[in-house]
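Here is a short report on strand pairing, helix packing and chain contact. Please look over the model first.

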Amino acid sequence: MQIDKFTPKSDMMMLLGFAAAVLLMPLWLQPFGAAYPDLMQRFAIFGLFAIGFNILFGQTGYLSFGHAAFIGVGSYTTVWIFKLFTLNILPAMVAGVVMSGIFALIIGFICLRRTGIYFSILTLALAQMSYNLAYSVLTPITMGETGLQVEASDPRAWDAPLAEGAVPRTNLFGIEMTDFGGLAGFYICAAILIVGFYIALRITRSPFGSMLRGLKTNQNRMSYTGLNTRPYALAAFVISGMYAGLAGSLMAAMDPLAGAERMQWTASGEVVLMTILGGVGTLIGPFLGAVAIKYFENIFSAIDGAVLTSALDFLPDFLVSGIVPVLSLFVGKGWHLTLGLIFMLVVIFLPGGIMEGYRRIKARFSKQGEE
Amino acid sequence: MSVLEISGVNKTFGGLRALDDVNLKIEEQTVHAVIGPNGAGKSTLLNAVIGKLIPDNGTISFSGNSMIGLKPHKINQLGISRVFQTPEIFADLTIMENMMIPLLAHRDGEFKLNAWKRSDQDADLQEKAAKYLEYVNMLGKSDTHAGSMSRGDKRRLELAMCLSQEPKLLLLDEPTAGMARADTNNTIDLLKKIKADGMTMVIIEHDMHVVFSLADKVSVMAAGHVIVEGSPDEIKVNPKVREAYLGGAEV
Amino acid sequence: MDAILLQILNGLDKGGAYALIALGLTLIFGTLGVVNFAHGALFMLGAFVAVSVREVLTISTKVKDESVTFFEAFKEIPYLELWLGDTGRAIIDWSVPISILIAIPIMLLIGLVMERGLIRHFYRRPHADQILVTFGLAIVVQEIIKAIYGANPIPQPAPEMFEGTANVGALFGLGDNIVYPKWRLVYLGFAAVVIASVFAFLQFTTFGMVVRAGMADRQTVQLLGINITKRFSIVFGLAAVVAGLAGLMYTPILSPNYHMGMDFLVLSFVVVVVGGMGSLPGAVAAGFLLGILQSFASMNEVKQIIPGIDQVIIYLVAMIVLLVRPRGLMGRKGVMED
């Protein structure tokens, strides 16, 4: 069995293709009705989250169920910088990444004392603990259920004070996120996504990446080859935690508020799903998974009973009245049911995700070509 | 000069004495075979040497340094490599990547955050990997998926991985177990070549054919003891050895 | 002293729920080698069996209200009460305990269907896949319940005779200050009975012996020619029943809602990890221990010294246990360590 060979040239082509696809989103997403900035920002942010998560799960095989906690840390830190220092997103995001890195170092240090399911359970428990804390004792920092918001009256040390009642808008050296109909915000997200993708690519092809894959395949051999496995796993954990923190930071930069619901276990589960749906261990897969999930979430949640009824207008009435209640279980607020089903179906039938499906189709066609 | 010195090592599991005052000296550039019936304590001894388990008392020293309590990766970094009964390789990775990991461990130590440079652009390592793959006669397959190979090929890859670290001592646990005759003979030939190049080896083995074609010195273990030690020819005629094997219901 | 006793009691009922869920979790770990993230959903389903039974029992009709004389008034009366009078009223009053009879076959069936239909295809798959597929299942079950019963909690009353509190202190001659809700005492007793039954079942029946042997060394038992797989699917059903009953009896304490399963699952996992993966006594002991600790941490006196401790105590204990004793309090070597 031969494995696809990656050369610097093929990787450069992949990077260019990826960058082109991301940057041209406002064009090619038009026909899908998804070319508005808010949704494209989410594609980029969750894509970044999934790419980072894949560095841990895809490369080392450690399945974390608590990565949403880092989203939370990134978001809260960023909003606090907006409140205390400046509305420029650059320092706020740097701070968000650094804080989530520190947080990941602590959580990873504890959780990585165990492997396998113990690790998954520990990360789930610690993330749930952070979530509980954000809603209780840490309310002075997180503002609990109301969420942390940026106000005009905040004492921003580095900015000129805003007028009373003005809406505080985040910016990057004067360019506001909402400029050009929100495209400014999207292109900042897109640029960061591309850089994040490039870093993930370099990590994957580096000696460090080899070590992480070695960890996934055979920890025993790693130790007897003279390698200390724990710092490698910890480094991967911290890197992926920083990606998550950056994603959380970007969320806050695009829409300057932070809430604890971003830290819930469902959010951690969602990024696992994105990674699996796209293809665990592949570079592009997690991004594709994130886009697919967010796209369908957007479409499905917008559909309600009335939309269904009008869409099924061509059917006889008695059929419509039978089908609509069943279908509406899966759309609108029922989107999570669909999500859970997709989750199960992918794990059962296509553990390799979209990328695996693509490979299978490609293999079938190339075989036919030979015959 | 002895490379590895094991003296007075004991290990009990519950009530069972797995190792009972074991003394062993491994001389440089020799192949030392440890044989004995099942349950004689051979594997336990090997596990004690590589740090998988810690003996109750006694000393194990390697080139003069005590190794008791050291973690397996530290022991490897001192220059001891181990070949397992079932070849332990990175089954999901390519042969080339399988070679890169031990080479990096040898060059960079137990941990290095080398996350930017491409490993396929590291000419020095690539060259070394090719050299050792050629040594075990596996060159030209470097993009093959390691898990899909035959057992004999996996063993050769494992040996190449161990040798690439230029160890001072190579430990082999039944290197031909579960192999077809042809694979066994190929493996023996390869081990002879490694021996001829001056490697110090400790081999645990059941197969007398393997032992007598390789070993310079043989230690026979039974019930946690080393009962006899000597050259292969001495061992062949020693009545105690026959007794131990017959007592263990295995000839 | 009284305050301490009271807190111990307070912790015991929650601890009982943790112990019952953790018991099933660790049984499934030990026998099937599967990590069941849908176990909390079984707990929640049990609770909703109680909700459904009560809904069925209280199907009502409109009857003229005779007590109102000056105009024509109607009131809703359950058919059961109309047909059976006081007996009917008593049946409705006892709806929670009565639903046990219905929950046992239902939960057993759900468990068997889950194992035969889904879980068994995952025995040979990596643990990560098992976690993920059961996690997906948990979401699906939870969302279906939400679609049927809505997002709001549905209170379930305990039978009237167990409403209110009992003076436990007086009962044991410890003074009058230890007053405790009666239903919680019932729950505690119930948990103890279920735990004892499970242990007795595993200890004294041939079936249980095979299961224990399988937990200790699956391969050897299979070599003896015993069909473990079939027995293990019954184990899964059993674990489902235990979790379901735990949830059902908990309904008067915590009004059932669709997300209660996940809330309890996370904590039960921690319980299993603290107790030691694959150890049944460990799961029970850790369940009660953590329940009591949590109850102590919720005391105002404690919260004043360490704010927020009630939110994190269980996780903190879990971390300390894992750092000091990586296998948990009673964990065995080699269980689920690959």
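B:Ser81 stands opposite B:Leu170 in β7(B). The model is predicted. The two strands concerned are β6(B) and β7(B), the latter covering residues 169-173. They pair in the parallel sense, over 4 bridges.

## The open sheet of chain B

This pair belongs to an open sheet of 6 strands in chain B. The strand order is β6-β7-β8-β3-β9-β10, and the pairing is mixed. Which strands stand at the edges? They are β6 (80-83) and β10 (225-230) of chain B. Each has a single partner strand, so one side of each is left without a neighbour in the sheet. On average, neighbouring strands of this sheet are turned by 20° against each other, direction ignored.

Helix α1 of chain B, residues 42-49, lies across β3 (31-35), β7, β8 (201-204) and β9 (217-222) of chain B. Relative to β7(B), helix α1 runs at about 145°.

Strand β1(B) spans residues 2-13, and strand β2(B) spans residues 16-27. The two run antiparallel and are joined by 8 bridges. B:Phe13 has B:Leu16 in β2(B) as its bridge partner. The hairpin has 2 residues between the strands. In this hairpin, B:Gly14 takes a positive phi near 60°.

β1(B) also pairs with β4(B), residues 57-62. That pairing is antiparallel too, over 5 bridges. Here B:Leu4 has B:Phe62 in β4(B) as its bridge partner.

Two loop residues of chain B deserve a check of their backbone angles. B:Ser63 is not a glycine, yet it has a positive phi of about 50°. B:Ser63 sits in the loop between β4 and β5 (65-66) of chain B. Is B:Ser63 buried, exposed or partly exposed? B:Ser63 has 16 C-beta neighbours inside 10 Å, so it counts as partly exposed. A buried residue would need 20 or more, and an exposed one 12 or fewer.

B:Glu166 is the other case. Its phi is positive, about 45°, although B:Glu166 is not a glycine. B:Glu166 lies in the loop between α5 (151-163) and β7 of chain B. With 13 other C-beta atoms within 10 Å, B:Glu166 is partly exposed.

## A helix pair in chain C

Two packed helices are described by the angle between their axes and the distance between the axes. In chain C, helix α5 (residues 95-117) packs with helix α11 (residues 228-250). The angle is about 145°, and the axes are 7 Å apart. The contact of α5(C) with α11(C) has 16 nonpolar, 5 polar and 2 charged residues. The crossing of α5(C) past α11(C) is right-handed.

## Where chain A touches chain B

How many residues of chain A are in contact with chain B? The count is 28 residues of chain A, against 35 residues of chain B. On the chain A side, the elements giving two or more residues are α8 (183-205), α9 (207-217), α10 (219-224) and α11 (229-254). α9(A) gives the most, with 7 residues. By class, this side of chain A has 12 nonpolar, 11 polar and 5 charged residues.

Notes
Residues are numbered from 1 along each chain as its sequence is written. Chains are lettered from A and ligands numbered from 1 in the order in which they are written. This is a predicted model: local features need pLDDT of at least 70, side-chain atom pairs count only at pLDDT 80 or more; totals for chains, interfaces and linings use all residues. Two strands pair if DSSP finds at least two bridges between them. Axes are lines fitted to C-alpha atoms, for helices over the stretch in contact, and angles run from 0 to 180 degrees between N-to-C directions. A crossing is left-handed if the near helix is turned anticlockwise from the far one by less than a right angle, and right-handed if clockwise. Ala, Val, Leu, Ile, Met, Phe, Trp, Tyr, Cys and Pro count as nonpolar, Asp, Glu, Lys and Arg as charged, and the others, Gly among them, as polar. Two residues are in contact if their C-beta atoms, placed from the backbone, lie within 7 Å.
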